[in-house]
Amino acid sequence: MPISYTGWGALEQLTSEAERLNASNILIVTDPFLEELGMTKKIVEPLEAKGWKTSIYTEVVPEPPLEVGEKLVAYTKENKFDLVIGLGGGSALDLAKLAGVLATHEGKVADYLNLTGERALVDKGIPKILIPTTSGTGSEVTNIAVLSLESSKDVVTHDYLLPDVAIVDPELTISLPPKVTAATGIDALTHAVEAYVSKNANPVTDGLALQAIRLISGSIRTAVEDGENKEARTNMSYGSYLAGLAFFNAGVAGVHALAYPLGGQFHISHGESNAVLLPYVMGYIRPSCEKRMKDIVEAMGVNVTQLAEQEASYTCVEELKKLVADVNIPVSLKGFDIGEDALDSLADDGIKQTRILARSPMPLEREDIYAIYHAAYSGEVAEKKTV
């Protein structure tokens, strides 16, 4: 796991860590919006004050396509950087991880994709420092980088993608717009929820996931409404970080598997894709994890002590759907202008995400996936009927 610095002002540790990693020619991967805000100055100025050379790479887009990753990796190889710093949301951090690892590998990014690649990573590449400016993806503590393909997504995944250092400073999230705060926040909540019901969950990931759920569900509405609220931003940062640790170890499942085709086919942000599907996936698999869903809704601050597990699990689904609506994310696919005629192609791509689906507490076949997409389209929760 990376060395991690968390909390307000954690960015102050950047130069000492860059020095420890023997940096001299540093690549900073970020997005153009953060450069326009002047956020990159907080990174560049202290580094250049040490006499180090920095290059800012801003050709980062949301849900980055494979070709964006290919271009960045080629640029990294050409310029012989000795440190990569990722600054931004999940897209920038994932691309920074790819650039750092593949800088020392032959071939293209496509050669290392999980579903179709035929090459294996052989070393960790050059050092990587990741600095999130959102509270959502958990990319700074995970070993995965996600890329968009023509109609879905694929990943490069290996422990070599783990950064050397993660710096999680909630002060950097103050400028995050409400819409992005909401989407990334529900993304983080989804990480925690799916990690808690995962087949790979254990007592350690359970503690991380439940605390993440407490922090995020208790703070996200305030963070969306009042982005300068220090307590809410701090809680969201810690919650996202803990959720990242939880799902790095226990994994995510059905929500993420079905979110990938939404992003690939309709270019909906990953956070919004997870958000719109969260209550419908959890509602469908509810019979397989009633007790755990009671724990989840209790962590969300809802008093269900007197309820049986089944009734509490229904309440959990209702609360998840309400939370998504409260932060102004559509609660059906119709809200994203997705028609019923798209559900078959979504299901066709969703069933391909075998690596992620394997962690679901309820096995999901193609007809199950279609049923979930149809529920999300209609806005009415459906569930798997058990015999």
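Asp206 counts as buried, because its relative accessibility is 13% (buried is under 20% relative accessible area, exposed over 50%, partly exposed in between, with a 1.4 Å probe and protein chains only). Before the exercises, a word on the model: it is predicted, so local features need pLDDT of at least 70 and side-chain atom pairs count only at pLDDT 80 or more, while totals for chains, interfaces and linings use all residues. Residues are numbered from 1 along each chain as its sequence is written, and side-chain values use heavy atoms, with hydrogens and water left out.

**Exercise 1. Find the salt-bridge partner of Asp206 and say where the two residues sit.**

Step 1. Look for the pair: the side chains of Asp206 and Arg292 meet in a salt bridge at 2.8 Å, N to O. The term asks for a side-chain nitrogen of Lys or Arg within 4 Å of a carboxyl oxygen of Asp or Glu.

Step 2. Helices (H or I, at least four residues) and strands (E, at least two) are DSSP runs, numbered from the N terminus.

**Exercise 2. Work out which parts the Glu106 and Arg119 pair ties together.**

Step 1. Glu106 and Arg119 form a salt bridge, 4.0 Å from N to O.

Step 2. Glu106 lies in the loop between helix H5 (90-102) and S5, and Arg119 in the loop between H5 and S5, so the pair ties together parts that are 13 residues apart in sequence.

Step 3. Glu106 is exposed at 60% relative accessibility, and Arg119 is partly exposed at 41%.

Step 4. Now widen the view: the structure holds 16 salt bridges. Another one joins Asp349 to Lys352, with the closest N and O atoms 3.3 Å apart; Asp349 is buried, with a relative accessible area of 7%. Salt bridges that share partners also join Glu106, Asp111 and Arg119 into one network.

**Exercise 3. Describe how H10 and H12 pack.**

Step 1. Two packed helices are described by the angle between their axes and the distance between the axes.

Step 2. For helix H10 (residues 270-285) and helix H12 (residues 309-326), the angle is about 175° and the axes are 9 Å apart. Axes are lines fitted to C-alpha atoms, for helices over the stretch in contact, and angles run from 0 to 180 degrees between N-to-C directions.

Step 3. That makes H10 roughly antiparallel to H12 (under 35 degrees is roughly parallel, over 145 roughly antiparallel, 65 to 115 roughly perpendicular and the rest oblique).

Step 4. Residues making the contact (heavy atoms within 4.5 Å) include Leu278 and Met282 of H10 and Leu320 and Val324 of H12.

**Exercise 4. Is Glu140 buried or exposed, and what is the nearest side chain of opposite charge?**

Step 1. Glu140 is found in the loop between strand S5 (128-132) and strand S6 (144-148).

Step 2. Glu140 is buried yet has no salt bridge; the nearest side chain of opposite charge, Lys97, is 7.6 Å away. Lys and Arg count as positive, Asp and Glu as negative, and His and the chain ends are not counted.

Step 3. Leaving aside neighbours within four places in sequence, the contacts of Glu140 include Pro2, Leu93 and Tyr241.
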